[in-house]
Amino acid sequence: MAIDINSYKDGAVHAYSYGTNTRTAVTDTKQDGHSVYVQYGRQAESGRYTLHNKSGLGTTATSGAGSAVWYLAGCISLSWEPDRCDIDRIG
């Protein structure tokens, strides 16, 4: 199945999985001093995975390949308050 999954939050993070959805990626899209991450689940595996991007504005971190990603949440890592996240899923 080729369905694109995208998650955006506050203009600061873009998390996505495209095409066959075997990888996920997270891009820092705002120069605000906060790192970003994506939490995601895979269809053939239980549990939740997290991929951090601490490299700053304009950088992207990409996961290794695995079974299809069925949901993801792009998140902004905040030091003194709850992290802000957005979620998208297939179906």
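A residue is called buried when its relative accessible area is under 20%, exposed when this value is over 50%, and partly exposed in between. In this predicted model, Thr 59 has a relative accessible area of 24%, and therefore counts as partly exposed. Thr 59 lies in the loop that joins strand S5 (49–53) to strand S6 (60–62). Beyond its neighbours within four places in sequence, Thr 59 is in contact with Val 26, Thr 27, Asp 28 and Asn 53. Arg 89, by contrast, is 30 residues from Thr 59 in sequence, and their C-alpha atoms are 23 Å apart in space.

Five bridges connect S1 and S2 in the antiparallel sense, and Ser 7 stands opposite Ala 15 in S2.

The interior may be considered next. Nonpolar side chains tend to be buried together in soluble globular proteins. Here the largest nonpolar core has 14 residues, and those with the most contacts inside it are Val 26, Val 38, Tyr 40, Leu 51 and Leu 72. At least two residues of this core come from each of strand S2 (13–17), strand S4 (36–42) and strand S7 (69–76). Apart from its neighbours within four places in sequence, Tyr 40 is in contact with residues including Thr 24, Leu 51, Val 69 and Leu 72.

Key:
Residues are numbered from 1 along each chain as its sequence is written. This is a predicted model: local features need pLDDT of at least 70, side-chain atom pairs count only at pLDDT 80 or more; totals for chains, interfaces and linings use all residues. Side-chain values use heavy atoms; hydrogens and water are left out. A nonpolar core is a set of buried Ala, Val, Leu, Ile, Met, Phe, Trp, Tyr and Cys residues joined through side-chain atoms within 4.5 Å. Buried means under 20% relative accessible area, exposed over 50%, partly exposed in between (1.4 Å probe, protein chains only). Helices (H or I, at least four residues) and strands (E, at least two) are DSSP runs, numbered from the N terminus. Contact means heavy atoms within 4.5 Å. Two strands pair if DSSP finds at least two bridges between them.
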